[in-house]
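Trainee: I have a model open and would like to go through its contacts and packing. Can we take it step by step?

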Amino acid sequence: MIDFTEEQIERYSRHIILPEVGAEGQSKLLESKVFMIGAGGLGSPVAYYLAAAGVGTIGIADADVVDSSNLQRQIIHNQDRIGMPKVESARETMQALNPDVKVNTYNYFITEDNVREIIRDYDLIIDGCDNFPTRFLVNDACYFEKKPLISGAMFRFEGQVATFKPHQEKGAPCYRCLYPEPPPAGLVPSCSEAGILGALAGAVGTIQAVEAIKELLGIGESLAGRLMVFDALRMEWKKLKLHKDPACPLCGENPTITDLVTYEQACELKFGQ
Amino acid sequence: MSVSVRIPTPLRKLTGGADEVAIEGTNVGEIIENLEAAHPGLKERLCDDDGEIRRFVNVYVNDEDVRFLEGRGTVLKDGDEVSIVPAIAGGC
């Protein structure tokens with residue numbers, strides 16, 4: 001266990017006082033390494049809360065720069081950061097909140113050529129990206145590298161959160177057990193043009209952050225094997241069962257995917273239009 | 001028998017904005033056919049040309065995925081709730 005400074009004991013006192021966390025748990029958080037894909041709507045609350053919680057090393061990947069249209073929901077950035085790489089802006093905000101946190105920035109796209117090597121250094125992966133090809137890539141890479149993945153997605157007024165750790169728990173599904181492959185181009189909305197209620201990103205992202213902290217600490221009931229579905233218009237969360245699919249092309253009995261694959265970006269709105 | 005079917009945001013245009021519709025049917029297949037009759041266009045979004053539920057759309061009865069029950073043949077009982085859960089990818 002690490003030796004806390006006086007300042008750290010005070011900073012983390014509300015965690016340390018929780019029997020489920022304690023000094024040992026806080027120490028574990030400070031020694032944890034989390035990698036996040038996306039410094040946008042979901043990445044903002046996730047990064048903010050993980051930094052506040054004292055997760056010691058946070059890697060964050062995003063190839064984009066801050067744009068004024070982001071600020072309706074991406075609360076880790078601000079007006080003065082417009083034009084700045086999002087990962088740099090996120091690092092400034094996180095370190096201003098908590099100088100204990102080391103932030104590694106990856107100001108480029110996650111691809112099949114770099115993803116496995118990057119995530120190898122981390123304990124837990126959080127996906128808050130904005131497209132299907134990356135979601136499948138990250139899922140597959142996490143499976144091959146045996147990393148737990150907390151996946152969050154949203155659309156207009158709806159959100160989904162799930163934890164995937166097929167390598168850790170017998171019967172635990174991966175993302176491909178839920179959706180074996182990306183929808184064909186034009187059948188499912190996947191772009192920001194569809195619109196998004198800004199505060200929804202906070203609701204979904206903070207659930208991801210809570211689950212991440214639970215996974216790092218090993219407390220409570222894991223979300224693995226469940227899909228949380230949030231409907232903001234009805235203000236309703238549903239918890240649906242996810243099963244490991246014996247026919248899953250990645251983690252099933254006879255896998256057909258044995259290496260990373262890259263899908264083309266599908267970016268149309270036909271599914272609901 | 002009528003069951004309540006939850007419509008996800010991307011498909012609400014087809015139900016006139018309704019987030020929940022009451023549909024007659026004794027199994028999931030009948031529900032899909034009757035959904036189409038009441039709200040034309042829905043079946044195409046849910047099923048492929050062979051009538052199978054698309055792989056990026058999950059249909060749940062209560063909290064259970066029908067793929068792990070009896071698929072379209074999953075029998076419904078009074079008070080069951082059917083939910084349509086499409087894949088979404090936004091994080092931005």
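Trainee: How many residues does the contact take from chain A and from chain B?

Mentor: This is a predicted model, where local features need pLDDT of at least 70, side-chain atom pairs count only at pLDDT 80 or more, and totals for chains, interfaces and linings use all residues. Residues are numbered from 1 along each chain as its sequence is written, while chains are lettered from A and ligands numbered from 1 in the order in which they are written. Two residues are in contact if their C-beta atoms, placed from the backbone, lie within 7 Å. The count is 38 residues from chain A and 24 residues from chain B.

Trainee: Which elements of chain A each supply at least two residues of the side that touches chain B?

Mentor: Elements are DSSP runs, numbered from the N terminus: helices are H or I with at least four residues, strands are E with at least two. One helix entry here is α7 (132-145).

Trainee: At what angle do the axes of α4(A) and α9(A) cross?

Mentor: Axes are lines fitted to C-alpha atoms, for helices over the stretch in contact, and angles run from 0 to 180 degrees between N-to-C directions. The axes of α4 (residues 43-53) and α9 (residues 198-217) of chain A come within 7 Å. They cross at roughly 40 degrees.

Trainee: What orientation do α4(A) and α9(A) therefore have to each other?

Mentor: Under 35 degrees counts as roughly parallel, over 145 as roughly antiparallel, 65 to 115 as roughly perpendicular, and the rest as oblique. The crossing is at roughly 40 degrees. Therefore α4(A) and α9(A) are oblique.

Trainee: Is P85(A) buried, partly exposed or exposed?

Mentor: P85(A) sits in the loop between β2 (57-61) and α5 (86-97) of chain A. Buried takes 20 or more other C-beta atoms within 10 Å of the residue's own, exposed 12 or fewer, and partly exposed lies in between, with C-beta atoms placed from the backbone. P85(A) has 18, so it is partly exposed.

Trainee: Which residues does P85(A) contact, leaving aside its neighbours within four places in sequence?

Mentor: Y108(A) is 23 residues from P85(A) along the chain, and their C-alpha atoms are separated by 9.7 Å. The contacts of P85(A) are V65(A) and N107(A).

Trainee: Which elements do the buried residues of α3(A) pack against?

Mentor: In α3 (residues 22-30) of chain A, the buried residues are G25(A), Q26(A), S27(A), K28(A) and L29(A). They pack against α2 (13-16), α4 and α9 of chain A.
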